[in-house]
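Here is a short briefing on one model. Read it with the sequence and the structure side by side.

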Amino acid sequence: MRRIHIIGAGPSGSIAAICALRSGADAVISEEHPQAGLPENCSGLFSIDGLSALQPFVDQRKIMLKPIHGAIIDFCGERITVRRKEPVAYVCDRSKMDRLLCEKAEDTGAKINFNERIRDSFHSQDIIAADGPLSGAARHFGFPKIRGFAATLQARFKHRSEQSDMVELFFSNSRFPGFFAWVIPRSEDEAEFGVGVEVPARAGEAWNRLLRMKRIADAPKPKGAVIPLEARAQSAKRVGARNVLLVGDAAGQVKSTTGGGVVFGAGCAAIAGIRSDDPLRYELEWRLRYGADLAMHSWLHNYLAGLDDRGMASLGRRLNKLNMDDYLSMNGHMDKPTNMMGPDLMAHILKNFAEIF
Ligand SMILES: Cc1cc2nc3c(=O)[nH]c(=O)nc-3n(C[C@H](O)[C@H](O)[C@H](O)COP(=O)(O)OP(=O)(O)OC[C@H]3O[C@@H](n4cnc5c(N)ncnc54)[C@H](O)[C@@H]3O)c2cc1C
């Protein structure tokens with residue numbers, strides 16, 4: 001029986017293991033921490049469609065905390081509000097999700113070695129590295145580097161949002177260079193505040209700016225993490241007799257607009273679990289399925305990161321004049337921007353074109 005060594009018991013690692021086992025292989029997971037899900041570095045915001053895609057692996061009803069109906073997006077003072085009557089996303093208990101996924105992998109037959117940090121010794125010829133954004137396995141096997149990272153700081157505390165079913169996003173490259181700041185309600189009286197900046201900018205300064213902007217006098221010490229901002233140029237290869245596949249954050253399978261990586265990482269991990277002996281096929285399949293959307297997120301991120309504050313405000317004004325809030329409320333998709341690009345978008349822009357000029 002084929003044996004697969006999976007490094008990391010995050011969502012990508014556990015889902016890769018479940019799919020490998022279901023396809024008849026044997027799987028062992030190494031996780032450097034004593035349990036899955038901790039420490040938690042995630043806002044836990046998943047689209048409704050994303051949760052449906054995760055449903056074969058984790059029961060969404062067990063992890064949902066709060067329905068979210070849309071977003072208030074601030075482009076340097078110009079705000080657009082995208083809102084739907086039905087929830088578009090849920091804030092979820094990410095730590096519990098990782099724990100449940102890991103238990104499911106174990107129930108399906110995976111052997112899980114907690115407190116095992118992998119450096120350069122591996123338990124099999126087929127390796128799936130799901131070891132997160134700073135993947136040591138990718139470095140060890142000489143994969144191309146990820147060139148862009150966002151450094152983040154985030155903290156949860158008592159806070160009553162004016163609209164507790166909406167997330168707030170703040171784009172300004174003078175305050176939050178290369179990324180953005182957020183406030184995500186977790187309940188009626190708790191919210192997560194967070195900032196991200198593109199490295200080498202400093203997240204600490206951005207954090208203080210967010211607190212001043214939101215007039216928060218007293219906040220707990222924030223936790224730091226990193227988010228990859230692009231997919232690696234190569235994410236799978238043969239190394240001698242070994243097959244080495246990178247999945248999730250290790251491969252940079254992350255939406256670079258928002259930093260959300262669980263849903264795409266999970267989809268790619270499912271492919272990796274089945275194709276662990278065929279690196280080329282894995283690479284082709286995930287890029288065919290998710291490459292266009294990831295590339296569009298990357299394009300949007302680069303576009304936003306290149307605007308000064310005047311350009312950002314001007315973008316907000318133009319989006320408002322084009323009534324893009326209406327369009328996005330109807331057609332917006334958190335994960336798949338390619339779903340929004342079609343004849344409807346052209347028709348909407350043409351209908352509202354006169355407003356701009
Ligand atoms: C502040 C913040 C907010 C976020 N919010 C969202 C969000 O709302 N929605 C969303 O979809 N995504 C979000 N993300 C991104 C999301 O957290 C990641 O995309 C996701 O965790 C990637 O999962 P993964 O399994 O690939 O990697 P990870 O979750 O990072 O798991 C990697 C695992 O590998 C283990 N490991 C690492 N090295 C080794 C080693 N050498 N040996 C053994 N084990 C090892 C780690 O301990 C860890 O358990 C956020 C990220 C940040 C930083």
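Two strands count as paired if DSSP finds at least two bridges between them. By that rule, Ile 6 has Ile 128 in β9 as its bridge partner. The model is predicted. A ligand is surrounded by 38 residues.

**Ligand shell**

- The closest of the 38 residues around the ligand are Gly 8, Gly 10, Gly 132, Gly 248 and Gly 261.
- Which elements each supply at least two residues of the shell? They are α1 (11-22), β3 (45-47), β10 (149-158), β14 (223-228) and α6 (262-274).
- By class, the shell holds 14 nonpolar, 19 polar and five charged residues.

**Helices α1 and α6**

- Two packed helices are described by the angle between their axes and the distance between the axes.
- For α1 and α6, the axes come within 7 Å and cross at roughly 30 degrees.
- The crossing of α1 past α6 is right-handed.
- On the α1 side, the contact is made by Pro 11, Ser 12, Ile 15, Ala 16, Ala 17, Ile 18, Cys 19 and Ala 20.
- On the α6 side, Val 262, Gly 265, Ala 266, Ala 269, Ala 270, Ala 272, Gly 273 and Ile 274 take part.
- This contact of α1 with α6 has 13 nonpolar residues, three polar residues and no charged residues.

**Six-stranded sheet**

- Six strands form an open sheet in the order β8-β2-β1-β9-β16-β15, with mixed pairing.
- Why is one side of β8 (111-113) and of β15 (236-239) left without a neighbour in the sheet? Each stands at an edge and has a single partner strand, so one side of each has no neighbour there.
- From one strand to the next, the twist averages 20 degrees.
- β1 (3-7) and β9 (126-129) pair in the parallel sense, over four bridges.

**Seven-stranded sheet**

- The other open sheet has seven strands in the order β6-β5-β11-β12-β13-β10-β14, and its pairing is mixed.
- β6 (78-83) and β14 are at the edges with a single partner strand each, so one side of each is left without a neighbour in the sheet.
- The twist here averages 20 degrees from one strand to the next.
- Helix α5 (203-213) packs on this sheet, touching β10, β12, β13 (190-198) and β14.
- The direction of α5 makes about 140 degrees with that of β13.
- β11 (166-171) and β12 (181-187) run antiparallel and are joined by three bridges.
- Leu 169 stands opposite Trp 182 in β12.
- β5 and β11 pair in the parallel sense over six bridges.
- In β11, Phe 170 is the bridge partner of Asp 74.

**Domain 1 and domain 3**

- How many residues of each domain are in contact? Domain 1 brings 11 residues and domain 3 brings six.
- On the domain 1 side, α2 (48-54) and α7 (279-305) are the elements that give two or more residues.
- α7 gives the most to that side, with six residues.
- The domain 1 side divides into five nonpolar, three polar and three charged residues.

**Backbone points to check in the loops**

- The peptide bond between Leu 38 and Pro 39 is cis, with omega about -5 degrees.
- Pro 39 lies in the loop between β2 (26-30) and β3.
- A cis peptide bond also runs from Val 199 to Pro 200, with omega near 20 degrees.
- Pro 200 sits in the loop between β13 and α5.
- Cys 76 is a residue other than glycine with a positive phi, near 50 degrees.
- The loop that holds Cys 76 is the one between β5 (70-75) and β6.

Technical notes:
Residues numbered from 1 in each chain as written. Predicted model: local features only at pLDDT ≥ 70, side-chain atom pairs only at ≥ 80, totals over all residues. Near = placed C-beta within 6 Å. Nonpolar A, V, L, I, M, F, W, Y, C, P; charged D, E, K, R; others polar. Axes fitted to C-alpha atoms, helices over the stretch in contact; angles between N-to-C directions. Left-handed = near helix turned anticlockwise from the far one by under 90°. Contact = placed C-beta atoms within 7 Å.
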